[in-house]
Amino acid sequence: MTVTHPGAPTLTAALDCFFVRPGDDERARTTGRHVLGRVTYGHGGRPPMLHDGAPLVRIAMAGDATERITEVWTSDRPVRSGREGGLVYAEDGEHFFCAVRIDERGVYRDTVRSVYENAFTLMWRLGYTELLRMWNMVGAITEANADGMENYRDFCVGRAEAFEAWSGRVDGMPAATGIGSLRPGIDLYFLACRPNRARHLENPRQTPAHQYPTQYGPKSPSFARATVLEPGPGARAALYVSGTASIIGDDTVHHDDVERQCDVTLANIEALISSENLRRHGLTGGFGLADLDCVKVYVRDAEHLSAVRGRCAEAFRSQTDLAFFNVDVCRPDLLVEIEGICR
């Protein structure tokens, strides 16, 4: 499979993503395209719904120091949407978008497993058998559940059990983000695609998350460091970078130093998307930080936002669409996490 570098002639993207901020005209970006899903990172949250023929997900992620954005996923194909139980979804014949909410509860694992398996069942029945990208926003992510286990570790148990149950059908774990939110409960949305289009990548600087030792919880996190979506006819490849933090091997590095954590995070992303790492996975081409767009930056402490904004301004192009959120990260000693899309 070939990954086309952005320096090559630009082709129409069958699946695309962009951010809309208050006052922006979404219609100017969607002319001739079809909305597959919208995710509003705002000041409040509600269960996902269908709105204007597409899923609308509203997650409490914007605080006093950060702005509200809406992430819009579009396709060049007509979209069909629907609802099944708590799942709200849309499909275009090549790509599948699905969202669901889990309300606050004392222990999450059984409900997480059930929700994941319901989502897998739906996507499999509709013929979207490869997971592409997942987002999991967990309220009070590093606080204890009713059993005294950290909520993120509790969530990871349910997610891992679902992947284990579907190991013969769902081929591999996709790129993913597990991050805090400002509302109790868990908001989940994901993308899937038709067979033989997704390739999952690991990072030579980091232990695969699904191989973490038990010191990080009874079940390891179930995700890959990135996923490449093979382009369809007339489209270009895209590489989806998981939420990435200041972790070398499986250890957090540079405790209490947000600028050094930010530097390690950016170096991890550079290594992940490099031509050298793509070659390790049997791919050609490669990317750099200048190729990232739709970048979301999660900062644990509000007083660090200015420093992180400054470092990201140095690392990314001035045209890069950046969004910042002041939320907890999945480990108490992690201060910043970054994700994005190369295309």
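Analyst: Two strands count as paired when DSSP finds at least two bridges between them. Helices (H or I, at least four residues) and strands (E, at least two) are DSSP runs, numbered from the N terminus. The model is predicted, so local features need pLDDT of at least 70 and side-chain atom pairs count only at pLDDT 80 or more, while totals for chains, interfaces and linings use all residues. Residues are numbered from 1 along each chain as its sequence is written, and side-chain values use heavy atoms, with hydrogens and water left out.

User: Thanks! Let me try a pair of strands: which residue in E11 does Met134 stand opposite?

Analyst: Met134 faces Phe190 in E11. Strand E9 (residues 130-139) is joined to E11 by 8 bridges, and the two run antiparallel. Strand E8 (residues 95-102) also pairs with E11 in the antiparallel sense, over 8 bridges. In that pairing, Phe96 has Ala192 of E11 as its bridge partner.

User: How many of the residues of strand E11 are buried?

Analyst: "Buried" stands for under 20% relative accessible area, "exposed" for over 50%, and "partly exposed" for values in between (1.4 Å probe, protein chains only). In strand E11 (residues 186-193), 8 of the 8 residues are buried, which makes the strand mostly covered.

User: And which way do the side chains of E11 point?

Analyst: In a regular strand, side chains alternate between the two faces of the sheet. Here Ile186, Leu188, Phe190 and Ala192 point one way from E11, whereas Asp187, Tyr189, Leu191 and Cys193 point the other way; all are buried.

User: What is the order of the strands in the open sheet of 5 strands?

Analyst: The order is E1-E5-E2-E4-E3, and the pairing is mixed. At the edges stand strand E1 (15-20) and strand E3 (46-51), each pairing on one side only. From one strand to the next, the twist averages 20°; such angles run from 0 to 180 degrees between N-to-C directions, with axes fitted to C-alpha atoms, for helices over the stretch in contact. E1 pairs with strand E5 (residues 69-75) in the antiparallel sense over 6 bridges, and Val20 has Thr70 of E5 as its bridge partner.

User: Which strands stand at the edges of the open sheet of 6 strands?

Analyst: That sheet has the order E12-E13-E14-E19-E17-E18, with mixed pairing. E12 and strand E18 (322-326) each have a single partner strand, so one side of each is left without a neighbour in the sheet. Neighbouring strands are turned by 15° against each other on average, direction ignored. Strand E17 (residues 292-299) pairs with E18 in the parallel sense over 5 bridges, and Val299 has Asn326 of E18 as its bridge partner.

User: Which strands does H4 touch where it packs on the sheet?

Analyst: Contact is defined as heavy atoms within 4.5 Å. H4 touches E12, E13, strand E14 (238-244), E17 and strand E19 (336-342), and its direction makes about 30° with that of E19. H6 packs on the sheet as well, touching E17, E18 and E19, at about 160° to the direction of E18.

User: At what angle do the axes of H4 and H6 cross?

Analyst: Two packed helices are described by the angle and the distance between their axes. The axes of H4 (residues 258-273) and H6 (residues 305-315) cross at roughly 30° and come within 10 Å. Val258, Glu259, Cys262, Asp263 and Leu266 of H4 meet Ala307, Val308, Arg311 and Ala315 of H6. For comparison, helix H2 (residues 109-125) and helix H3 (residues 151-165) have axes that come within 7 Å and cross at roughly 40°.

User: Last one: where does Asp321 lie, and is Asp321 buried or exposed?

Analyst: Asp321 is in the loop between H6 and E18. Its relative accessible area is 17%, so Asp321 is buried. Leaving aside residues up to four places away in sequence, Asp321 touches Phe19, Arg21, Asp293, Cys294 and Val295. Gln215, in the loop between strand E12 (198-201) and strand E13 (226-229), is exposed, because its relative accessible area is 51%.
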